[in-house]
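Q: I would like to learn how to read helix packing and surface patches in a model. Can we take them in turn?

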Amino acid sequence: MIKALHEAGVKSEWAYTAGFASIGLSFLAWTISRQTEDAGIDRADRWGIFVGHWAPTFFGVGLALSTYEK
């Protein structure tokens with residue numbers, strides 16, 4: 001999979017950027033859900049955690065791509 005991503009032109013820096021962006025998006029999703037939905041803090045927490053789980057995946061892919069690029 002990493003070889004295919006590398007050959008498609010995906011760079012490790014892009015994956016790291018996506019990881020940091022997903023952290024910000026996690027906070028944003030939590031904030032918006034908390035303010036706009038009447039479901040309470042539990043649903044806002046679930047949205048934040050759901051999006052927050054993307055960051056380690058992006059960082060892992062970035063690390064693998066970085067290793068492959070060398």
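A: Start with a contact, meaning heavy atoms within 4.5 Å. In helix H2, Ser-12, Ala-15, Tyr-16, Ala-18, Gly-19, Phe-20, Ser-22, Ile-23 and Leu-25 meet Trp-54, Ala-55, Phe-58, Phe-59, Val-61, Gly-62, Leu-63, Leu-65, Ser-66 and Glu-69 of H4. By class, this contact of H2 with H4 has 13 nonpolar, 5 polar and 1 charged residues. Nonpolar covers Ala, Val, Leu, Ile, Met, Phe, Trp, Tyr, Cys and Pro; charged covers Asp, Glu, Lys and Arg; the others, Gly among them, are polar. Helices are DSSP runs (H or I, at least four residues), numbered from the N terminus.

The model is predicted: local features need pLDDT of at least 70, side-chain atom pairs count only at pLDDT 80 or more, and totals for chains, interfaces and linings use all residues. Residues are numbered from 1 along each chain as its sequence is written, and side-chain values use heavy atoms, with hydrogens and water left out.

Q: At what angle do the axes of H2 and H4 cross?

A: Two packed helices are described by the angle between their axes and the distance between the axes. Axes are lines fitted to C-alpha atoms, for helices over the stretch in contact; angles run from 0 to 180 degrees between N-to-C directions. Here H2 (residues 12-36) and H4 (residues 54-69) cross at roughly 170°, and their axes come within 7 Å. H2 and H4 are therefore roughly antiparallel (over 145 degrees).

Q: Which residues make the nonpolar surface patch?

A: Leu-25, Leu-28, Ile-32, Trp-47, Phe-50, Trp-54 and Phe-58 make this patch of about 640 Å². Patch residues have over 30% relative accessible area (Shrake-Rupley, 1.4 Å probe, only the protein chains shown as cover). Nonpolar side chains (Val, Leu, Ile, Met, Phe, Trp, Tyr) are joined within 5 Å, like charges within 9 Å. H2 gives the most, with 3 residues.

Key: Helix = DSSP H or I, 4+ residues; strand = E, 2+ residues; numbered from the N terminus. Parallel < 35°, antiparallel > 145°, perpendicular 65-115°, else oblique. Salt bridge = Lys/Arg side-chain N within 4 Å of Asp/Glu carboxyl O.
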